Amino acid sequence: MLDILICEDDPRQREQIQATITHYLKKHHLDMSLVLSTGCPTDVLDHLKRYPDTNGFYFLDVDLQHEINGIDLATRIKEQDSHAKIVFITTHDELSHLVFKYKIEAMDYIIKGNKELKTRVGECLEVAHTRYINQMTTLDECYSFESAGQVWNIPYSEILFFETDLSTRHRIILHMKESQIAFRGFIKQIAKVNPSFFQCHKSVVVNTENIKQVHKASRTIEMINGEIVSVSSRKIAILIARIKP
Amino acid sequence: MNQALSYPLTFYIYYWIQFALPLFIVANILMRTYKPRLKESLYIMFVTLFITTLRTVPAFFGIFSTIPIPTVDFSYDNLSYILHRVLIILFLFFYIYKLKGYPVKKAIILTIFTDLFVFTSYFLGLLLRLLLNIPATYFNPLQPLLDFLHAFQTLVLSALFALLFVKGFGNLRKLLQTDQHLQTVLMIGSIITWLSFQIMSTLSFMLEDGYINTWSRALLMGYTIVSLTVFFLYIKYLKAKYNTQEKESELKNLLFYVNEIEQQQTTIRKFKHDYQNILLSIESFFDSDDYSGLQEYYYNKIKTSSQTLTQQSFSLNHLSKIHVKEIKSILAAKLIQAQTMGIDTNFEANEDIDSIFTNSIILVRILGIILDNAIEELDALGKGKLQVACFKQNVSVTFVVRNTCRDHIPPLHELNQLGFSSKGEGRGLGLTNLADLVHSQPNLTLQTSLSKGYFIQKLYIGEL
């Protein structure tokens with residue numbers, strides 16, 4: 001069951017959102033229920049303290065007329081409820097796309113005064129519901145590493161390969177489907193982390209799950225995004241044997 | 001048979017400690033790598049022993065005339081001297097460049113500095129002997145002992161010099177990392193100093209009576225010290241100049257920013273004025289119970305003025321949250337530049353940023369490169385958005401720069417190739433340079449993504 005919590009200081013807007021949600025839930029029979037609707041951020045935190053296992057979906061106003069603003073509140077919610085799904089309700093003026101997306105990893109945002117409020121709330125509820133179902137069935141496993149004093153968790157499915165940077169030792173570049181990141185580490189240790197990882201070269205560990213094709217003649221691997229990785233001659237037979245079955 | 005050859009093994013070890021080993025120890029101190037690695041240690045042992053053998057063993061068999069006392073004319077011995085010097089310098093360069101993975105310029109600078117440190121220490125020992133009036137001849141029975149003392153003195157002194165240098169000129173390192181020009185100056189300067197030193201030393205070795213007249217060596221050492229001092233004064237001057245330039249551009253950027261804020265102030269003042277008028281008008285509509293008139297007034301006047309309020313001029317408002325001057329300055333400069341170019345620009349910072357735990361010179365350069373790339377891309381595109389954000393996560397600070405990019409932008413792995421640029425030769429070094437700058441600081445991490453038509457650079461600055 002996904003719990004819905006609303007925090008909006010303006011009573012009229014709060015009622016409007018509340019009404020939209022209850023109406024939508026009744027109509028579509030989603031596995032969710034509205035558990036809290038308040039104007040005060042501390043109520044939300046108190047609720048989480050009382051029910052620490054809350055699996056929540058939060059509608060948060062950014063400007064709450066309180067010392068805790070919506071973004072602070074979201075940060076604190078995330079500490080308690082790591083799978084929290086958050087939607088911000090904001091004026092055009094306070095819109096902070098990047099902070100919403102990259103700091104809070106918010107699901108979405110709804111702009112106040114927009115006539116499409118109803119449809120937007122409905123869309124958010126749908127998305128949250130699907131994510132909730134997925135979260136129940138597959139908890140994606142992650143590769144973790146530390147860099148710049150932070151722990152990074154990258155889902156294995158995103159990982160293409162790791163390579164050591166030839167110009168500087170101990171720097172590893174992690175190639176993912178859509179991005180790249182460099183961190184300090186040892187390539188040999190990475191190969192042991194996950195059974196689908198394979199050290200195909202002195203300086204490369206490849207994720208065998210994301211190989212598109214192995215070219216035996218040129219001793220290269222083509223990854224699913226078209227990147228080419230070279231394989232050492234000793235490893236190519238082992239690699240082919242490994243990905244065959 | 002020469003006196004020196006009466007103790008071949010000790011001479012061999014002496015030579016190893018005096019001329020071969022210190023070079024690698026000093027080089028490692030200068031590179032701040034204090035932990036030995038097996039492969040490197042093997043290389044060092046092999047090279048130093050090889051060079052020592054090359055220089056000393058022929059003497060045992062009398063192939064060359066003598067070792068410590070050179071002949072006056074240009075003999076095999078001088079040839080052997082030059083040969084082994086060239087070889088060991090090459091081996092040292094190879095060690096720094098290949099095994100340690102330094103770029104060429106820096107490797108050259110390091111090699112030369114190492115050699116200068118070792119030789120200055122060696123000559124200091126000679127000078128000491130001279131001052132204490134210990135005759136440096138091979139007819140002295142205590143000669144082996146003195147030689148060993150001298151060798152250890154060279155080893156210890158050069159290591160000490162290197163340590164002091166690393167401690168004293170630590171910020172020179174940071175500057176070198178950020179400034180290619182300074183690297184070139186330092187390289188050329190050190191090559192000139194070193195070459196003149198080598199030539200004079202070799203000449204004195206050939207022309208003088210070797211160890212017997214050491215005053216010429218003392219003179220030589222004086223020359224080295226003077227030239228090195230002049231050289232460092234010049235670097236200090238360059239550094240000061242560089243700093244003033246930094247400060248000047250910072251000031252210029254901040255002035256830009258103040259201008260921008262003043263313009264915003266004017267807009268707000270105008271709005272305040274409008275607002276009072278609006279209230280008065282509404283009141284008059286109420287007084288006359290003219291609701292349809294009010295409705296019309298609302299949609300025609302108030303709604304439109306509130307729209308202008310939310311547009312552009314306030315999109316950089318959040319810069320006031322950044323309290324680190326250098327960072328505010330670079331962000332203001334680049335974002336205002338983007339705005340004046342007509343790019344839809346937005347900056348977000350919801351929390352006060354008071355301190356950032358990293359070298360601000362490097363951070364300014366990194367942000368400069370990232371923002372320049374984004375602006376360049378948007379300018380070429382002629383449309384799209386530039387969004388920048390700065391926020392805290394626990395103790396770390398994160399910068400996000402996101403820009404719209406071309407539909408047919410090459411995949412990320414091609415963009416990141418060395419020297420690649422979508423705009424022709426010579427302009428793609430930004431990304432490689434960027435990676436080096438990021439890597440120069442231990443607590444920086446950069447994530448580059450290309451997703452759904454956006455190019456995104458996320459820079460994380462962790463705790464030190």
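Colleague: What are the ground rules for the numbering and for the values?

Modeller: Residues are numbered from 1 along each chain as its sequence is written, while chains are lettered from A and ligands numbered from 1 in the order in which they are written. Because the model is predicted, local features need pLDDT of at least 70 and side-chain atom pairs count only at pLDDT 80 or more, whereas totals for chains, interfaces and linings use all residues; side-chain values use heavy atoms, with hydrogens and water left out.

Colleague: Why is the contact between E8(A) and K112(A) called a salt bridge?

Modeller: The term requires a side-chain nitrogen of Lys or Arg within 4 Å of a carboxyl oxygen of Asp or Glu. The closest N and O atoms of E8(A) and K112(A) are 3.6 Å apart, so the pair qualifies. The two residues are 104 apart in the chain, with E8(A) in the loop between β1 (2-7) and α1 (11-28) and K112(A) in the loop between β5 (108-111) and α5 (117-137). Helices (H or I, at least four residues) and strands (E, at least two) are DSSP runs, numbered from the N terminus.

Colleague: Why is E8(A) called buried, and why is K112(A) called partly exposed?

Modeller: Buried means under 20% relative accessible area, exposed over 50%, and partly exposed in between, with a 1.4 Å probe and protein chains only. E8(A) has a relative accessible area of 0% and is therefore buried, whereas K112(A), at 22%, counts as partly exposed.

Colleague: Which salt bridges in chain B can be set against that criterion?

Modeller: One of them joins D115(B) and R85(B), with N to O at 2.6 Å. D115(B) lies in helix α4 (residues 104-131) and R85(B) in helix α3 (residues 76-99), 30 residues apart, and both D115(B) and R85(B) are buried. Another joins K334(B) and D372(B), with N to O at 3.0 Å. K334(B) lies in helix α10 (residues 325-340) and D372(B) in helix α11 (residues 360-381), so this pair ties together parts that are 38 residues apart in sequence. K334(B) counts as buried because its relative accessibility is 16%, while D372(B), with 32%, is partly exposed. A search of the whole structure finds 10 salt bridges over all chains.

Colleague: What makes E283(B), D287(B), D289(B), D290(B) and E296(B) a negative surface patch?

Modeller: Patches are made of residues with over 30% relative accessible area and no salt bridge, like charges being joined within 9 Å and nonpolar side chains (Val, Leu, Ile, Met, Phe, Trp, Tyr) within 5 Å. Lys and Arg count as positive and Asp and Glu as negative, with His and the chain ends not counted, and the place of a charge is taken as NZ of Lys, CZ of Arg, CG of Asp or CD of Glu. E296(B), one of the members, lies in helix α9 (residues 291-310) and counts as exposed because its relative accessibility is 54%.

Colleague: Which residues make the nonpolar surface patch of about 240 Å²?

Modeller: I82(B), V86(B) and L90(B) make that patch, with accessible areas taken from the Shrake-Rupley method with a 1.4 Å probe, for which only the protein chains shown count as cover for residues. V86(B) has its place in helix α3 of chain B, and V86(B) counts as partly exposed because its relative accessibility is 45%.
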